[in-house]
Amino acid sequence: MVKCLPLIFLLCRSVKYSESDLDFCLATGKDFKQVQSLYNDETDYMPSVYHSWLRERNRMVMLAKRMGQVIGVCSSHIVDDGQASLIEVLKVAASERGKGAARLTYRQLIGLVRARYPEVKKQSFITDHKLDRGLCVLGKQSLISLRFSSINVPTLISEVISNMKKRGDGYYEPIPLQPDDVRSIFLNRTAIDTVLPGGRIIVNGSVFKPLESNLDILLKRDIVWRADRKNNTRAVSLGSAPYRDPMGDCIFRINMFGEDLSAVKSVFLAQLQSLPPLQDNVICLLSVNPSLSPQMWEFCINEMGLEKGKQYWNDEIIVEEDILQNFY
């Protein structure tokens, strides 16, 4: 997950640095190694997408430097038909935290957003922190962290499906979604209201309104789309391409939407079937509706025999607020 610290938390901390103490600039390919050094012990995919972010339309990646060394990074992606700034990363070097660098980097980025995109009125982000004041919380997903040992995943899935059918658990044969299917489901008012958390799409710690322009962005990415069915959809998921974290673990994210337990289980298994052959040190970060979290933990650990992974965070909280609210 690309964590975004609560902006109110960052803006209320005591400040040591002033703007004159730091240099701010937009990131380039030459800055990659220094940016990568900010991510040395976390399951974070930002380094794996850094270069593609620099090429992405309507995205800005702001760096804070001190004496030529990158100490902070903050990214904004203009989404929602140009109406919102999606804050996808706000990171400061461990040695520089508590000095106001995050606040200053964020402020520089938002100032640039306001100058280049005056029509943007909202900012949205995902946080795992409890919020202490009345921000607009749209929805929430819960994390299930799983570790895969040396197991034969296709054989395991076949056994699990066979057991589900024997118990009469209602296994559904999920379907892969083509671009037209994705648009049909995610632009459907019923699916938006009954399946998506807060009426939003979450993928890799980012949040999007279900709009045609946002789907165009997501369909260009390496995402596996699965659903239990095309019509009257009860469960749908987005599986992101596996990546290596700084510790060498292979990480893959599955964002699962829906409250029908049998359908969610079936689509989860379909996502696992779509993965390439797995090696040791594989971690699956599965996000589900909070109401299903206990049952999915039991299913993954007790029925599938998977190991519990490190719980990097518990919840993904979807937040939206006025872009000017925390500017000063």
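**Figure 1. Right-handed crossing of helices α9 and α10.** The crossing of α9 and α10 is right-handed, a term applied where the near helix is turned clockwise from the far one by less than a right angle, the anticlockwise case being left-handed. The structure shown is a predicted model, in which local features need pLDDT of at least 70 and side-chain atom pairs count only at pLDDT 80 or more, whereas totals for chains, interfaces and linings use all residues. Residues are numbered from 1 along each chain as its sequence is written, and side-chain values use heavy atoms, with hydrogens and water left out. Helix α9 spans residues 261–273 and helix α10 residues 293–303; their axes come within 11 Å and cross at roughly 50°. Axes are lines fitted to C-alpha atoms, for helices over the stretch in contact, with angles running from 0 to 180 degrees between N-to-C directions. Helices (H or I, at least four residues) and strands (E, at least two) are DSSP runs, numbered from the N terminus. The helices α9 and α10 are therefore oblique to each other; angles under 35 degrees count as roughly parallel, over 145 as roughly antiparallel, 65 to 115 as roughly perpendicular and the rest as oblique. On α9, L261, V264, K265, F268 and L269 meet Q295, M296, F299, C300 and E303 of α10, contact being defined as heavy atoms within 4.5 Å. The residues of this contact comprise seven nonpolar, one polar and two charged. Ala, Val, Leu, Ile, Met, Phe, Trp, Tyr, Cys and Pro count as nonpolar, Asp, Glu, Lys and Arg as charged, and the others, Gly among them, as polar.

**Figure 2. Packing of helix α5 with α9.** Helix α5 (residues 153–167) and α9 have axes that come within 10 Å and cross at roughly 160°. That angle makes α5 roughly antiparallel to α9. The crossing of α5 and α9 is left-handed. Residues V153, I157, V160, I161 and M164 of α5 meet K265, S266, L269, L272 and Q273 of α9. Seven nonpolar, two polar and one charged residue make up the contact of α5 with α9.

**Figure 3. Packing of helices α6 and α8.** Helix α6 (residues 179–186) packs against helix α8 (residues 212–219) at an angle of about 140°, and their axes are 11 Å apart. The crossing of α6 and α8 is right-handed. P179, V182, R183 and F186 of α6 form the contact with E212, L215, D216 and L219 of α8. Of the residues in the contact of α6 with α8, five are nonpolar, none is polar and three are charged.

**Figure 4. The largest pocket.** The volume of the largest pocket is about 710 Å³. A pocket is an open set of points on a 1 Å grid over the protein atoms alone, with protein on both sides within 12 Å along at least five of seven lines; a cavity is a set where a 1.4 Å probe fits but cannot get out, and lining residues have an atom within 4 Å of a point. Grid points are joined across faces, edges and corners, and a volume is the space filled by probe spheres set on the points. The largest pocket has 29 lining residues, of which E56, H77, I217, K220 and R221 lie nearest its centre. At least two residues of this lining come from each of α3 (46–55), β3 (69–79) and α8. The lining of the largest pocket divides into eleven nonpolar, ten polar and eight charged residues.
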